Amino acid sequence: MNHPDTRTLQQLDAAYHLHPFNDNAALAQKGTRILTRGEGAYVWDAEGNKLLDGFAGLWCVNIGYGRAEMGAAAARQMTELAYYNSFFQCTTEPTVRLSAKLAELSPYDLNHAFFANSGSEANDTILRMVRHFWAVQDQPQKNIFIGRYNGYHGSTVGGASLGGFKGMHDQGGLPIANIHHIDPPFWFIDGGDLSPEEYGLVAARRLEAKILELGPERVAAFIGEPIMGAIGVYIPPMSYWPEIERICRKYDVLLVADEVICGFGRTGEWFGSQYFNFRPDIMTIAKGLTSGYIPLGASMFNDRIAKVLAEKGGELNHGYTYSGHPVCCAVALENIRILQEERIVDTCKADTGPYLQQRWMELGAHPLVGEARIAGMVGALELVPNKPERKNFAERGKVGSRCRDIALKNGLILRATNDTMLLSPPLIISRAQVDELVEKAWKSLDMTAKELGITC
Ligand code: PXG
């Protein structure tokens, strides 16, 4: 394929394109990296650099890049019926087939799909549906959502309000009313002398304290990512989620698992709730649902909620033009076919996942690394100034972004949140590619440490 020269594209980009989550003035100065091609676990940029994508795009390209069958599925559906809506008592075949497939794949009785275009929109749907669910049962005051500080649930008004990022709340007057937050479970910094399992219970009981403070009759739902991704892959102790579930049941608070990152095999299970052994009432899915090949999100509701909405909910005054878009649903079905037929989730659980975990944990021995952690194929490294201490750098973010830039020069994409290096590769990564990844990560840590004057 012929690409116009990189500089021209960068200039057009600087002039006409506002990037999400970026300092656009600084980026315009520096020039954007333009990606041109992907195959398997690798992407290429416009300068011809081949990069091992340790981040699966943005936590999403689970089946890897360049699968022609995905394009073929989209082309088939576009030719047959490119669009029809699910309003006006209509729908399309791929929409129905995907709903049934999701009911089959989803754990427990999360059998009912409402489609959106993204994880953010799916969470907005949940916010409205849950409040409606309680209102039609004569409990309109039961409308408070509890999320967690530094949780990420999207960038729409609802999603960003449910999330707990201060920087996001500061822009645009968020959170909206009746959304509260508790502290997240992060043993490395917050666990003190407690064992991780003891700490998991302590962290979960913050939810109980918050429910009692607000009044159980006012609390509609709790929402959390099984593993908190964007903030730095906080993997909670195994005691955390079952205790959260116990508390939610005790006070009849609905439990929402935001599976946008964890879903579709990331943890080696199909969904994060299966990895952590808890039963949500609702889950949010996106990203791995289509492996990022096309935008699609969904909210999955359990039988109890679907029944109440059907019997008492009346007309649902909610929906998106592209809810259940036939092309997106056809691509999602093809993605799920590939995941299942090629046993990608099983391989991640039983073979390449454990291998990646073993090799990733070896990085924990590096002098710059305070903790290595990983579940399935999602992991992190905490970069620290003094290895034995569980403490971050005083000036946050500098070392992490430097390490990320060095890794890129070494042909490896890792993401940095503050000084935490994040890992989430395509699930099809091979053992040889795991070796390449770990070797490049170690080399990048060495080079970062050298710049800091830490001897390795
Ligand atoms: N929930 C979770 C758990 C997510 O990770 C969303 C909802 C929103 O999905 P959409 O499709 O609306 O983006 C996400 C998205 C980061 C980063 O910096 C993470 C996401 C998005 C953008 C940046 O790690 N996750």
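**Close-ups of the core and its rings**

**View 1. L383 and its neighbours in the nonpolar core.** In this predicted model, L383 touches L368, V369, F393, V399, G400, C403, D419, M421 and L445, leaving aside residues up to four places away in sequence. L383 also belongs to the largest nonpolar core, a set of 100 residues in which F222, F264 and L383 touch the most other members. Helix α14 (residues 326-341) supplies the largest share of this core, eight residues. Both domain 1 (33-63 + 343-452) and domain 2 (69-341) put at least three residues into this core. In soluble globular proteins, nonpolar side chains tend to be buried together.

View 2. The model has 16 aromatic pairs. One of them is Y240 with W241, edge-to-face at 5.4 Å centre to centre with 85° between the planes. Y240 and W241 are both buried, and together with F222 and F278 they make up one aromatic cluster. What about F264 and W270? Their ring centres are 6.2 Å apart and their planes sit at 80°, so this pair is edge-to-face too. F264 is buried, with a relative accessible area of 1%; W270 is buried as well, at 16%.

**View 3. Charges over tyrosine rings.** Here the charged end of K50 sits over the ring of Y42, 4.2 Å from the ring centre. R431, for its part, lies over the face of Y355, with 4.6 Å to the ring centre.

Notes: Residues are numbered from 1 along each chain as its sequence is written. This is a predicted model: local features need pLDDT of at least 70, side-chain atom pairs count only at pLDDT 80 or more; totals for chains, interfaces and linings use all residues. Side-chain values use heavy atoms; hydrogens and water are left out. Rings of Phe, Tyr and Trp (its six-membered ring) pair if their centres lie within 6.5 Å; planes under 30 degrees apart count as stacked, over 60 as edge-to-face and the rest as tilted. Buried means under 20% relative accessible area, exposed over 50%, partly exposed in between (1.4 Å probe, protein chains only). A charge sits over a ring if NZ of Lys or CZ of Arg is within 6 Å of the ring centre and within 35 degrees of the ring normal. A nonpolar core is a set of buried Ala, Val, Leu, Ile, Met, Phe, Trp, Tyr and Cys residues joined through side-chain atoms within 4.5 Å. Helices (H or I, at least four residues) and strands (E, at least two) are DSSP runs, numbered from the N terminus. Domain bounds come from an automatic or database domain assignment. Contact means heavy atoms within 4.5 Å.
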